[in-house]
Amino acid sequence: MFVTMLVPFILGGVALLGMARGVDVYSALLAGAEEGLGVLIRIVPALVGLLTAVYMLRASGALELAAQALAPVLSALGIPPETVALLLVRPVSGSAALGVGAELISTYGPDSLVGRTAAVMLGSTETTFYTVAVYFGAAGIVKTRYAIPAALCADLAGFIGAAWAVRVIFYGG
Amino acid sequence: MAMAAIWTAMVVTSVVCGLATGNGQAVSGAALEGAAAAVELCLSMAGVLCLWMGVMEIMKRSGLSALLSRLLAPLLGKLYPSFAGDRKVMDCVSANVSANLLGLGNAATPLGLQAAREMSRRSPGVASDELCMLVVCNTASIQLIPTTVAGVRMAAGCGTPFDILPAVWLASLLSVTVGIAAAKLMARIWRG
């Protein structure tokens, strides 16, 4: 209950607190929202670039080819090779990853090793390239330096961690 | 330049694979579809983005974001040392972290974007160490309650969709730790 009502609670709480402090809550809200539009305009070009490439990559069958090549590497890292497509799609497209993950969960069963690993991977990682594109697009950054490699390290750790945590918690190691 | 290389690699790979696998037609359709999807995505997030930026403005004017900032200062001061005294940046970062911890991904993004914009004022066009850290922390964001995934598991007939929570927390924690460590390490060795 508390969780599902979190957003309205925050909105109400912030409004009450603002009023108590003598802030014109409504004009503050509008000023902030207007600034939001400016941010949005700067994100559009970055997302057009990214999603065009992502959609092309998905349609080309390149991800399936890469998945076949990578499966043995994953086994060596302790990650179930069935999840390889999820791993490849996850940093690139949130909706595609959810689709691939849902497919794995329903094929292998939500309480299977593969199903659980897929669910934990989905829950513990983010759509890295989308996040990078949106943040750097909004801030007008051209030189991204080491942000992408560092973020991909975090993703890889999340995937290995997901496989490991599921093994330890549900299968005793 | 990193994005340029990645983007070119993605497009060229798609063209080559599309030709090799006979999906050429699909690839050309997908390019246009992707561009259209980007604008749709922006429109669909416009309302939420504006709403949370508005809430952030109320929090700023009422002093609530400064309070959050003070609470999180011991932790965030270490992650973003050169902005520790910068109220504008730290208020936004604190709100971003709070939203992430509450599982409000929709709110975390606008707040984080504002933090990124404030940070970029010091080094226009170039991602500073702090900005890289902000992005890494947000790509590895800790989600306390992954509701979407739980919904998928429930739809597949799972009776206990939330039994993966401890595993999700462990994996997230590992991912954030490795991300922060990688960013700190790369900050020392990265040239340019």
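**Note on a predicted two-chain model**

1. Turning to the interface between the chains, 84 residues of chain A are in contact with 85 residues of chain B. On the side of chain A that touches chain B, at least two residues each are supplied by α1 (6–20), α2 (25–60), α3 (62–77), α5 (94–108), α6 (113–124), α7 (128–139) and α8 (147–171) of chain A. The element that gives the most to this side is α2(A), with 27 residues. Sorted by class, the side of chain A that touches chain B has 57 nonpolar, 18 polar and nine charged residues.

2. As for the make-up of chain B, its secondary structure comes to eight helices and zero strands, so that from the N terminus on the elements run α-α-α-α-α-α-α-α. Taken along the principal axes, the C-alpha atoms of chain B fill a box of roughly 60 × 50 × 35 Å. Chain B has 192 residues, of which buried residues make up 46%. Among the contacts in chain B with a separation of 6 or more, 55% are accounted for by residues 24 or more positions apart.

3. One helix pair of chain B can be described in detail, namely helix α6 (residues 129–139) and helix α8 (residues 165–189), whose axes come within 9 Å and cross at roughly 160°. Since angles over 145 degrees count as roughly antiparallel, the crossing makes α6(B) roughly antiparallel to α8(B). The crossing in which α6(B) passes α8(B) is right-handed.

4. The residues that make this helix contact are D129(B), C132(B), M133(B), V136(B) and C137(B) on α6(B), and V176(B), G179(B), I180(B), A183(B) and A187(B) on α8(B). By class, the contact of α6(B) with α8(B) has eight nonpolar, one polar and one charged residues.

Notes:
Residues numbered from 1 in each chain as written. Chains lettered and ligands numbered in written order. Predicted model: local features only at pLDDT ≥ 70, side-chain atom pairs only at ≥ 80, totals over all residues. Contact = placed C-beta atoms within 7 Å. Helix = DSSP H or I, 4+ residues; strand = E, 2+ residues; numbered from the N terminus. Nonpolar A, V, L, I, M, F, W, Y, C, P; charged D, E, K, R; others polar. Buried ≥ 20, exposed ≤ 12 C-beta atoms within 10 Å, placed from the backbone. Axes fitted to C-alpha atoms, helices over the stretch in contact; angles between N-to-C directions. Parallel < 35°, antiparallel > 145°, perpendicular 65-115°, else oblique. Left-handed = near helix turned anticlockwise from the far one by under 90°.
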